[in-house]
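Trainee: I would like to go through the terms used for this model and see what each one rests on. Where do we start?

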Amino acid sequence: MIGRKEPATRWAWVEIDQGALRRNTRAFKNLLGPRQRLCCVIKADAYGHGAVACAKVMHATGCDMFAVATVLEGVELRQGGIEEPILVLSEPPLTAIDTLLEYRLMPSVYTSEFALAYGERAVSLGTVGKYHMAIETGMNRIGVHYTEVLDFRREIDFHRGIQCDGVFTHFATADESSGWDYQLQRTRFDEAVGALRDAGFECGIVHCDNTAASILDASSHYDMIRAGIGLYGLQPCEATRPVFPLEPVMSVRARVTRTVHPAMGEGVGYGFTYRVPRARVQICTLPVGYADGLARTLSNRMDVLYRGQRLRQVGNICMDQFMVAIQQTSMRQMPEAQMGDVMTIVGRDGDAEITMDEMARLRGTISYEVACGFGMRLEKVYC
Ligand SMILES: *Cc1c(COP(=O)(O)O)cnc(C)c1O
């Protein structure tokens, strides 16, 4: 598979394994009963994997709804031919209302000012604006406070221009589904939904689970789950790893653009943070840098794979390029590289593998951020 397809203009690319994406999506679908829905979260260009291309695979695998973070992400999906319902996971500014209605994007709503303006505009266009009501149950990020849901709905429900298509909350600690904080959010959510129903308000689709909660707590699936990171084959936390196998979807590869054997003592890269320690060290340049999501904090700390073996990255990572060293040791004879050889930055090569999680650990972050980063500038090829 390595290098089977690649961009014409650059010796660096992201590979997206559509088969793995399909199997991961199917695995989430299989968690659900026949009346429960799968919402695929494809915000941030599908966590860097390419939103429209991923949405097409998910559509073919039984996805019922898509969720995005911004209005323009929703527009991109509509322009790419996606017809499923699309939920925007926050309340956009009032100035976004025309775009929402034009492209049939459902906002998350939590202020009456937005809800009424949305309804007014919908009526004037002769349509009805669907929305999902976000409920604040403890994360303290967005939503109507769980104790105020009835007041909120009494303020807006008279309006014939809006229709509640769903109510939802979001967990702050879904990775610890037996923990007290998670349980408290669940209880508050149940309370709020129960109060709405008892008072006769339409709730539509009730949902709260992200990837971690979907896997760890089947009792919280309600009418729909919102799966994100797991679709891309990445584990949201250690607890899910043993119980829900997933296949990584993204690999990052590049071809060697130059090789050189500097003399002992020569420096490599900006600031000479690495110096060639002895004779017969080959330095290879790869055309990927921190503007491609390869964080500069990884400098002199990460490895790449070449012919199924690990090589040390050396010198400071530049904006668009970085270097690796091939050193012969008494322990290990390494074949030297040639210009044009493929190296793997994330993914498998033979028996060796560099995971998003390895890179996240080295960077002091989570795989989500690493994957989004690689999606920023590198061209994607779909295999
Ligand atoms: C990002 C997001 C999700 C998906 O979370 P994962 O951990 O990637 O599964 C679900 N719901 C909301 C509101 C989100 O912002």
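Mentor: With Glu336, which is partly exposed at a relative accessible area of 31%. This is a predicted model, where local features need pLDDT of at least 70, side-chain atom pairs count only at pLDDT 80 or more, and totals for chains, interfaces and linings use all residues. Residues are numbered from 1 along each chain as its sequence is written, and side-chain values use heavy atoms, with hydrogens and water left out.

Trainee: Why is Glu336 called partly exposed?

Mentor: Buried means under 20% relative accessible area and exposed over 50%, with partly exposed in between (1.4 Å probe, protein chains only). Glu336 has 31%, so it is partly exposed.

Trainee: What makes a residue a contact of Glu336?

Mentor: Contact means heavy atoms within 4.5 Å. Leaving aside neighbours within four places in sequence, Glu336 has such contacts with His261, Gln282, Tyr306, Ile326 and Gln328.

Trainee: What makes a set of residues a nonpolar core?

Mentor: The members are buried Ala, Val, Leu, Ile, Met, Phe, Trp, Tyr and Cys residues joined through side-chain atoms within 4.5 Å. The largest such core here has 113 residues, and Met343, Ile345 and Phe374 have the most contacts inside it.

Trainee: How do you know that this core lies between domain 1 and domain 2?

Mentor: Domain 1 (18–240) and domain 2 (250–382) both contribute residues, so the core lies between them; the bounds come from an automatic or database domain assignment.

Trainee: Which residues does Ile345 touch?

Mentor: Not counting residues up to four places away in sequence, its contacts include Val252, Leu294, Phe322 and Phe374.
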